[in-house]
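User: Please walk me through this one, and tell me what stands behind each label you use.

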Amino acid sequence: MDVILLERVEKLGQIGDVVTVKAGFARNYLLPRKKALRANEANKKVFEANRAQIEADNANRRGHAETEAKALDDKSVTLIRQASNTGQLYGSVSARDIVEALAEDGIKVAKSGVVLGRPIKTIGLHEVKISLHAEVARTLRVNVARSPEEAELQSQGVDVMASMFERDEAGFTEAYDPNAEPGEISAELLEQPADAEGDAEA
């Protein structure tokens with residue numbers, strides 16, 4: 001289906017461009033959200049007659065979005081969630097969770113403006129695109145952790161999962177003899193009791 005774009009649409013084109021899209025995409029997204037018009041002769045004439053106004057309205061919305069976007073510069077939100085020892089969340093972080101976290105900080109963002117490729121399902125730092133206008137977007141850092149202390153460590157650049165794995169490894173302190181056959185006791189361990197007996201005899 002051919003449509004006339006009423007605003008810039010990522011990967012499609014700019015205001016006034018006539019582009020070909022799948023009918024479902026046009027009917028379910030572009031047309032109901034007033035991002036495009038069907039590209040018939042009548043609509044082309046209407047668009048050209050109102051082009052200056054459409055472009056002026058878009059510039060006005062863009063300016064407003066730029067002002068709002070300043071609140072998101074270098075912004076991060078922290079979400080405390082329950083997760084397994086492997087860092088997998090019990091559930092996931094959705095666009096709604098991010099909207100609510102921003103609202104608590106006094107920043108209003110539409111749920112449709114949170115661009116999540118897929119729900120967040122692990123603890124850690126995640127970068128999420130916030131689109132305030134077709135031409136205005138910012139990157140929000142979302143810090144998902146199991147506790148405020150863990151969130152603080154992550155914000156300082158500590159990989160909590162990696163350090164936890166290192167701690168587990170450090171807890172395993174069995175003596176290791178690289179020359180021993182599998183199932184053999186380390187030569188050092190065999191020597192220790194003999195030394196101890198020698199000390200006792202002395």
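Analyst: Let's start with Lys 129: apart from neighbours within four places in sequence, Lys 129 is in contact (heavy atoms within 4.5 Å) with Glu 10, Gly 113, Val 114, Val 115, Ala 137 and Arg 138. Keep in mind that this is a predicted model, where local features need pLDDT of at least 70, side-chain atom pairs count only at pLDDT 80 or more, and totals for chains, interfaces and linings use all residues. Residues are numbered from 1 along each chain as its sequence is written, and side-chain values use heavy atoms, with hydrogens and water left out.

User: Why is Lys 129 called partly exposed?

Analyst: Buried means under 20% relative accessible area and exposed means over 50%, with partly exposed in between (1.4 Å probe, protein chains only). Lys 129 has 32% relative accessibility, so it counts as partly exposed.

User: Where does Lys 129 lie?

Analyst: In strand β8; strands are DSSP runs of E with at least two residues, helices are runs of H or I with at least four, and both are numbered from the N terminus. The C-alpha atoms of Lys 129 and Val 115 are 5.2 Å apart, though 14 residues separate them along the chain.

User: What makes Glu 150, Ala 151 and Gln 154 one side of α4?

Analyst: These three are buried in helix α4, residues 148–155. They share a side because they cover an arc of only 100° around the axis, taken from the directions from the helix axis to the C-beta atoms. Pro 148 and Glu 149 are exposed, on the face turned away from that buried side. Just past α4, Gly 157 has a positive phi of about 95°.

User: How do you know that the largest pocket lies between the two domains?

Analyst: Domain 1 (2–64) and domain 2 (75–163) both give residues to its lining, so the pocket lies between them; the bounds come from an automatic or database domain assignment.

User: What lines the largest pocket?

Analyst: There are 25 lining residues, and Lys 35, Ser 112, Ser 131, His 133 and Ala 134 lie nearest the centre. A pocket is an open set of points on a 1 Å grid over the protein atoms alone where a 1.4 Å probe fits, with protein on both sides within 12 Å along at least five of seven lines; lining residues have an atom within 4 Å of a point. Helix α2 (41–69) and strands β8 (124–133) and β9 (136–145) each supply at least two lining residues.
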